[in-house]
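Please read it alongside the model.

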Amino acid sequence: PLCAGFPLSIFFIVINEFCERFSYYGMRAVLVLYFKYFLHWDDNLSTAIYHTFVALCYLTPILGAVIADSWLGKFKTIVSLSIIYTIGQAVLSVGSINDLSDHNHDGSPDNVSLHIALSMIGLILIAFGTGGIKPCVSAFGGDQFEDDQEEQRSTFFSLFYMSINVGSFLSTIVTPNLRATECGIHTKQRCYPLAFGIPAILMAVALIVFVAGSRMYKKVKPQGNVMFQVCKCIGFAIKNRFRHRSKEFPKREHWLDWASEKYDKRLIAQTKMVLKVLFLYIPLPMFWALFDQQGSRWTLQATGMNGDFGIEVQPDQMQIVNPVLIVIMVPVVDSLIYPLIKKCKINFTPLRKMTVGMFLASMAFVAAALLQVQIDKTYPVFPAAGQTQIRLMNLGNVPATVQFQPQLQSVDVAPKQATDYMIFKTSQLQSLNVTSGSLTETQSLEGLLEGKRYTFAFQSFGTGIVPNLIFDNVTSKPEEGKNLIRFINGYVSTINITLGDQVIGIVPPLSASDYITVPGGNRIYLIKSTSPFNCLVTSKEFGFGSAYTISINYCTLGSLNITYFEDIPPSSVHMAWQIPQYFLLTCGEVVFSVTGLEFSYSQAPSNMKSVLQAGWLLTVAVGNIIVLIVAGASKLSKQWAEYVLFAALLFVVCIIFAIMATFYTYVDPNEIEAQFDEQETEDKKDKDDHEKEAEADSKM
């Protein structure tokens with residue numbers, strides 16, 4: 001059945017592709033943060049496992065193509081691998097349920113290895129599913145058209161790629177928002193089960209929609225895989241060349257010509273063209289090594305930034321910049337930039353375009369490194385081994401001078417003010433003397449812990465100075481952009497405090513409450529005190545990733561007087577500063593990726609497209625493996641340095657590729673095919689003539 005000149009079956013295929021891509025990109029968007037915040041892996045392990053998964057997703061298409069072409073056919077391959085895929089998504093979703101092993105209801109899983117095992121099984125199944133069906137779905141769609149429907153087929157592929165981009169775009173908005181919501185039976189957690197569960201449901205929908213159209217599909221029987229032919233031909237040529245390696249055998253023009261004893265000239269010529277292109281593929285993985293870090297390193301970079309765009313943007317939502325820019329950049333580049341370059345009489349060959357694409361991606365990582373340097377400046381410095389940090393906080397109304405003994409340093413502290421954290425060698429600290437007006441007080445500093453922070457709060461009353469050394473139990477910047485808030489009582493009697501709907505409880509004079517966690521962003525809270533007085537005040541916005549100590553001073557006419565002390569400054573670098581690096585990388589992708597596939601297909605015969613697609617996907621897989629190796633072997637402690645390293649590596653590879661490209665001669669496969677067709681027609685004609693002559697001779 002037809003609909004607007006199209007086979008009705010293709011609409012099922014397009015809807016299936018939309019759901020599958022939504023499922024894959026939605027799950028992949030939140031994956032690295034799931035590793036970091038739920039499985040509590042560090043940045044390097046999270047990055048390594050993320051890239052292992054992506055590499056596997058790009059290795060399995062070769063397997064899928066072989067199964068479809070040589071054994072099951074495309075339809076059965078898609079259905080069976082989609083079932084595996086759906087199971088994988090469901091297993092991953094179950095593995096992310098905190099309550100599965102949180103028997104003591106403390107908010108973190110008791111048996112982390114169970115969650116890791118389920119997550120890894122789920123991801124392996126997903127990699128086999130998504131990779132296996134990748135080469136089959138678009139080809140299966142192409143099979144639905146007759147030979148005379150070239151125009152409709154071309155429109156279908158445009159629709160098909162549009163559904164991929166729309167699916168990835170929507171899922172990158174939706175799943176990070178689902179992740180950011182709180183859910184759970186006993187304790188409220190980030191909602192990973194929902195963020196993975198919705199993609200699992202959509203994958204099930206994709207499968208049902210695809211199977212629903214079963215009767216309408218045109219199913220082509222498996223016709224064998226050309227990859228096997230090519231591999232056998234290459235294998236035989238190498239073996240044969242090795243057998244005839246002595247000087248007595250004449251040399252042949254090309255090493256593949258050693259396969260001519262067994263394989264026909266056409267296959268050998270086609271294989272030569274394919275190998276010529278595949279040789280150019282060798283430097284390409286380095287581009288993908290940088291490109292695929294959008295979902296790992298760049299997402300982790302965004303976690304230390306300010307996501308307030310009027311609405312709160314999640315770190316994993318910044319990946320959306322890529323599909324948005326692609327939709328804008330592809331038409332701009334095709335209809336504006338390429339024609340302009342042509343007008344300037346510059347011969348912008350496909351290989352030159354790819355070289356420019358690599359250079360732009362390299363520059364994107366330079367931009368990422370510059371941004372990382374700015375982010376690092378906003379991070380607090382924590383004490384190293386053998387060091388202790390102390391901050392002085394004067395809660396009184398009289399200036400004071402504090403002398404660290406033995407004669408280390410003297411510091412003046414104004415009323416209602418605090419110093420920054422000062423670093424001391426722990427072994428040198430003995431005591432400190434506070435002088436305020438005519439009053440003095442000594443505080444012992446024996447037994448302070450190494451690598452920790454302390455706040456020394458004091459207040460002078462008429463009769464003396466009341467000191468309190470408070471242990472600051474914070475060793476890193478708060479994660480996920482959350483804020484840490486605690487209260488210190490600068491009033492003479494005990495007070496009861498609440499912040500929004502969280503009860504802080506009773507705080508004695510000059511004592512500090514424990515830190516509580518509040519969500520990041522531009523929210524404001526009501527700070528209330530009850531007993532001995534009922535007072536309230538509206539808090540300021542805490543931003544993202546900050547820690548504050550709030551001093552309760554006194555109450556006048558129902559209004560609470562408070563002072564803010566910044567323990568850790570909020571993230572001040574805005575996420576919008578990631579857009580330049582995304583822009584450079586996307587421009588690189590547009591001139592590299594789109595051109596790369598077009599170039600490959602233009603340089604090899606049509607029946608070899610599957611071999612080239614396999615080679616192309618292999619470059620993506622190898623690129624992700626490079627990230628594993630470089631991130632694991634570089635041992636760079638600074639993230640900006642790693643970005644510079646990747647930028648430098650790609651720049652070197654870019655130069656190598658440019659040199660290789662200058663030696664490449666473009667071919668027209670159709671011309672070569674036509675020569676073979678002509679040759680075959682002539683041979684057939686000669687054969688027929690011989691047969692006729694032989695027939696005539698026999699009659700005589």
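## Positive patch

Lys 232, Lys 239, Arg 243 and Lys 262 form a patch of positive charge on the surface. Patch members have over 30% relative accessible area and no salt bridge, with like charges joined within 9 Å. A salt bridge is a Lys or Arg side-chain nitrogen within 4 Å of an Asp or Glu carboxyl oxygen. Areas follow the Shrake-Rupley method with a 1.4 Å probe.

Lys 262 sits in the loop between helix H7 (226-243) and helix H8 (265-281). Helices are DSSP runs of H or I with at least four residues; strands are E runs of at least two. Lys 262 is exposed, at 55% relative accessible area. Exposed means over 50%, buried under 20%, and partly exposed in between.

## Model basis

This is a predicted model; local features need pLDDT of at least 70, side-chain atom pairs pLDDT 80 or more, while totals for chains, interfaces and linings use all residues. Residues are numbered from 1 along each chain, and side-chain values use heavy atoms, without hydrogens and water.

## Negative patch

A patch of negative charge on the surface includes Glu 678, Asp 686, Glu 691 and Asp 697. Glu 691 belongs to helix H16 (residues 669-699). Glu 691 is partly exposed, at 44% relative accessibility.

## Strand E14

Seven of the seven residues of strand E14 (residues 483-489) are buried, so E14 is largely enclosed by the rest of the structure. Asn 483, Ile 485, Phe 487 and Asn 489 point one way; Leu 484, Arg 486 and Ile 488 point the other.

E14 pairs with strand E17 (residues 516-518) in the antiparallel sense over three bridges. Pairing requires at least two DSSP bridges. E14 also pairs with strand E20 (residues 547-556), in the parallel sense over six bridges. Ile 485 stands opposite Ile 516 in E17 and opposite Tyr 548 in E20.

Conventions
Patches are made of residues with over 30% relative accessible area and no salt bridge: like charges are joined within 9 Å, nonpolar side chains (Val, Leu, Ile, Met, Phe, Trp, Tyr) within 5 Å. Lys and Arg count as positive and Asp and Glu as negative; His and the chain ends are not counted. The place of a charge is taken as NZ of Lys, CZ of Arg, CG of Asp or CD of Glu. Buried means under 20% relative accessible area, exposed over 50%, partly exposed in between (1.4 Å probe, protein chains only).
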